[in-house]
Amino acid sequence: MRATIDEKTLEFDPGATWEQLIGQRDVLGVSVQGRTLSLRDEALDGVQAHVLTYRGSEEGRRIYERTLQLVFLAAAARVIPGRRVRFEHSFGDGLFVRLPKTTVT
């Protein structure tokens with residue numbers, strides 16, 4: 001099986017994942033024909049893929065941001081169980097987060 005990833009053609013065995021093919025630490029996902037795929041998805045034969053990184057693509061930045069939001073939600077659920085967390089809007093390179101009826105110290 002064969003796929004082209006950012007102009008580089010790679011051969012792989014059936015069942016291989018994108019993560020196994022790419023092997024770079026800063027890659028967050030891949031884009032194949034306009035679809036964003038997880039690195040854990042099986043690589044597809046005969047396609048052209050583009051890697052998604054935080055600095056290299058808007059979609060890569062969104063993947064990173066959503067991951068951080070989920071980590072924040074998991075931490076908040078442990079520290080302040082039962083409280084709401086609202087991700088309001090972006091502010092420069094950051095996000096504005098509200099914790100209604102909660103005092104953070």
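A nonpolar core is a set of buried Ala, Val, Leu, Ile, Met, Phe, Trp, Tyr and Cys residues joined through side-chain atoms within 4.5 Å, where buried means under 20% relative accessible area, exposed over 50% and partly exposed in between (1.4 Å probe, protein chains only). The model is predicted: local features need pLDDT of at least 70, side-chain atom pairs count only at pLDDT 80 or more, and totals for chains, interfaces and linings use all residues. Residues are numbered from 1 along each chain as its sequence is written, and side-chain values use heavy atoms, with hydrogens and water left out.

**View A. The largest nonpolar core.** This core has 16 residues, and Ile 5, Trp 18, Leu 21, Ile 22, Val 30 and Val 32 touch the most other members. At least two of its residues come from each of β1 (2-5), α1 (18-22) and β3 (27-32); helices (H or I, at least four residues) and strands (E, at least two) are DSSP runs, numbered from the N terminus. Beyond its neighbours within four places in sequence, Ile 22 is in contact (heavy atoms within 4.5 Å) with Ile 5, Val 27, Val 30, Leu 39 and Val 51.

**View B. The aromatic pair of Tyr 54 and Tyr 64.** The structure holds two aromatic pairs. Rings of Phe, Tyr and Trp (its six-membered ring) pair if their centres lie within 6.5 Å; planes under 30 degrees apart count as stacked, over 60 as edge-to-face and the rest as tilted. Tyr 54 and Tyr 64 are edge-to-face, at 4.9 Å centre to centre with 65 degrees between the planes. Tyr 54 lies in the loop between β5 (48-53) and α2 (58-79), and Tyr 64, ten residues away, lies in helix α2. Tyr 54 counts as partly exposed because its relative accessibility is 36%.

**View C. The aromatic pair of Phe 72 and Phe 87.** The ring centres are 6.0 Å apart and the planes stand at 70 degrees, so this pair is edge-to-face. Phe 72 belongs to helix α2 and Phe 87 to strand β6 (residues 86-91), 15 residues apart. Phe 72 has 36% relative accessibility and therefore counts as partly exposed. Phe 87, at 28%, is also partly exposed.

**View D. Asp 26 and the residues it touches.** Asp 26 sits in the loop between α1 and β3. Not counting residues up to four places away in sequence, Asp 26 touches Leu 52 and Thr 53. From Asp 26 to Tyr 54 the C-alpha to C-alpha distance is 7.6 Å, although 28 residues separate them in sequence.
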